[in-house]
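Hi everyone, thanks for coming.

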2 protein chains.
Amino acid sequence: LTQARMVQIEQDILAKNNRYADENRRYFSERGMLALNLVSSPGSGKTTLLTETISRLKDEYAIGVIEGDQQTARDADRIRATGVPALQINTGKGCHLDAHRVGHALESLDLPQHSLLFIENVGNLVCPSAFDLGEAHKVVILSVTEGEDKPIKYPDMFHAADLMILNKIDLLPHLDFDSAECIRYAKQVNPRIKVLSLSAKTGEGMESWLKWLKAELALQRIEYA
Amino acid sequence: LTQARMVQIEQDILAKNNRYADENRRYFSERGMLALNLVSSPGSGKTTLLTETISRLKDEYAIGVIEGDQQTARDADRIRATGVPALQINTGKGCHLDAHRVGHALESLDLPQHSLLFIENVGNLVCPSAFDLGEAHKVVILSVTEGEDKPIKYPDMFHAADLMILNKIDLLPHLDFDSAECIRYAKQVNPRIKVLSLSAKTGEGMESWLKWLKAELALQRIEYA
Ligand SMILES: Nc1nc2c(ncn2[C@@H]2O[C@H](COP(=O)(O)OP(=O)(O)OP(=O)(O)O)[C@@H](O)[C@H]2O)c(=O)[nH]1
Ligand SMILES: Nc1nc2c(ncn2[C@@H]2O[C@H](COP(=O)(O)OP(=O)(O)OP(=O)(O)O)[C@@H](O)[C@H]2O)c(=O)[nH]1
Ligand SMILES: [Mg+2]
Ligand SMILES: [Mg+2]
Ligand SMILES: [Zn+2]
Ligand SMILES: [Zn+2]
């Protein structure tokens, strides 16, 4: 197995994934759906952010969730407890979701027109960055407990994301975390990245995130020529 | 690229890695060195634990560190500031260290007999689990900010580790983290796993970790028949 052969194999995998991602994107576009791919380290608060977001939006929007985890159906169970449909994908040894399995999950979920679809990826700040799932945006969640330097140490993910959510800001009084420095690092690897700070636990800062979601949903519902 | 072919390729990669890991293990054994592979999510406190540990042990033991990160030399710089040698490996797109690159790092570091070698892996709770670096033990660090359920949701890593360190316990008063439940989950996926709780920041609980290191070092220094 030479280095050149490995690169070839990797390119084949990514090319195949991209074809499935394009199919998913067509599916989303036909249904006027907004699909977001939530990526982060394990435990930065993806599922908590989702349940808090869903409870605030579910009366107004049709919402569905695809959950990716190596094992267990805990996250899908937490989502279902809010009353919206969720489909759990267990990746086993796998370290990221791929567009093919997401495509099958879409068939099973069969969400209505104009739905908001959240895809919670496996907690992993490296591997999911290369896999397009057909989403409108990758949203990277960074907990302030992880340190300011994650964007420059794990740059591919922050480069791939359009929005960074700095979560767990309720803990800032107990940490030495410098938010401005962290945001500077994020913009260094991705000058276009937008940043929102919030606490999924206390609800502080949630309002801007909800506004962002509503505006993005509005964009998807426009009947483009 | 069929599923069977993919499995074959994966097995080839792991088999090749295992051969290099065996070489590293021979190297450690010949020099009576203790090599530990520190694995965790991004930002759970690996480097902080290392600098705090090194400052307490460096007068008594020869210590060296191999640092794995996608980008930057920040962690190696932090280690060098304590006065011990460190070698930074940047994995680029790669999501884990492999035994081949660690072998080359060992040559460069050229540590003395009976050294304590820490290998800090790329922050990733999935991929490094499958890659033996020749270490005596994988030590998994879990921050209490990440939630109790990480062991059952990312089971391969907790299965591969011999010791789990629950870090950042200074934050427990501000969280709803149930340590007993987390430890139960860890033992569920790995009944042999040992657990230590500590705060790398305040130093609480460090004493048991230092005792564990000293006992493990003593084991390596025995002249086995
Ligand atoms: N203090 C605080 N804790 C939070 C916040 N958001 C989430 N948490 C806690 O962080 C831990 C992990 O939260 P999850 O929502 O399970 O994180 P996740 O990213 O979905 O985790 P995985 O799916 O396992 O990778 C739990 O203990 C949550 O209660 C927050 O804003 N503030
Ligand atoms: N409160 C508290 N914070 C800690 C503790 N240990 C580490 N931290 C903080 O956690 C953040 C990440 O620490 P690092 O030591 O860089 O973590 P790491 O696992 O080496 O991170 P990567 O190498 O980037 O994956 C920093 O802001 C540290 O100050 C602890 O025991 N308590
Ligand atoms: Mg989750
Ligand atoms: Mg580190
Ligand atoms: Zn991967
Ligand atoms: Zn990987």
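Let me start at ligand 2, where one of its oxygen atoms sits 3.3 Å from an N or O atom in the side chain of B:Ser199. I'm calling that a polar contact, meaning a pair of N or O atoms within 3.5 Å; within protein, one must be able to donate a hydrogen and the other to accept it, and residues adjacent in sequence count only if both atoms are side-chain atoms. Taken alone, ligand 2 exposes 660 Å², and the protein buries 89% of that. Those areas come from the Shrake-Rupley method with a 1.4 Å probe, and for residues only the protein chains shown count as cover.

Before going further, some housekeeping: this is a predicted model, where local features need pLDDT of at least 70 and side-chain atom pairs count only at pLDDT 80 or more, while totals for chains, interfaces and linings use all residues. Residues are numbered from 1 along each chain as its sequence is written, chains are lettered from A and ligands numbered from 1 in the order in which they are written, and side-chain values use heavy atoms, with hydrogens and water left out.

Back to ligand 2, which lies between chains A and B. Which residues come nearest? Of the 25 around ligand 2, they are A:Lys153, A:Tyr154, B:Lys46, B:Thr48 and B:Asp170. A residue counts as near a molecule or strand if one of its heavy atoms lies within 4 Å of it. A polar side-chain atom of B:Lys46 is 2.7 Å from an oxygen atom of ligand 2, and a polar backbone atom of B:Gly43 is 3.1 Å from a ligand oxygen. Helix 2 of chain B gives the largest share of this shell, three residues. When I say helix or strand, I mean DSSP runs numbered from the N terminus: helices are H or I with at least four residues, strands are E with at least two. By class, the shell around ligand 2 has four nonpolar, ten polar and eleven charged residues. Here Ala, Val, Leu, Ile, Met, Phe, Trp, Tyr, Cys and Pro count as nonpolar, Asp, Glu, Lys and Arg as charged, and the others, Gly among them, as polar.

Now look at ligand 1. Residues from chains A and B surround ligand 1, so this site is shared between chains. Oxygen atoms of ligand 1 come 2.7 Å from a side-chain N or O atom of A:Lys46 and 3.1 Å from a polar side-chain atom of B:Lys150. On its own ligand 1 has 660 Å² of accessible area, and the protein covers 89% of it.

On to the metals. What coordinates the magnesium ion, ligand 4? B:Thr47 (OG1), B:Asp75 (OD) and B:Glu120 (OE) do, at 2.0 to 2.1 Å. B:Asp75 is in helix 3 (residues 74–80) of chain B and B:Glu120 in strand 4 (residues 116–120) of chain B, so the pair ties together parts that are 45 residues apart in sequence. Donors here are N, O and S atoms within 2.8 Å of the metal (3.2 Å for Na, K and Ca), and water is not among the atoms, so sites may look incomplete. B:Asp75 is buried, at 0% relative accessible area, and B:Glu120 is buried too, at 2%. Buried means under 20% relative accessible area, exposed over 50%, and partly exposed in between, with a 1.4 Å probe and protein chains only.

The zinc ion, ligand 6, has A:Cys127 (SG), B:Cys95 (SG) and B:Cys127 (SG) as protein donors, 2.1 to 2.5 Å away. A:Cys127 also bridges to the zinc ion that is ligand 5, and the two ions lie 2.8 Å apart. Both A:Cys127 and B:Cys95 are buried.

Last stop, the backbone. Most residues other than glycine have a negative phi. B:Lys168, not a glycine, has a positive phi of about 65 degrees. B:Lys168 is in the loop between strand 6 (163–167) and helix 7 (179–189) of chain B, and is buried at 13% relative accessible area. In chain A, phi of A:Thr72 is also positive, near 75 degrees.
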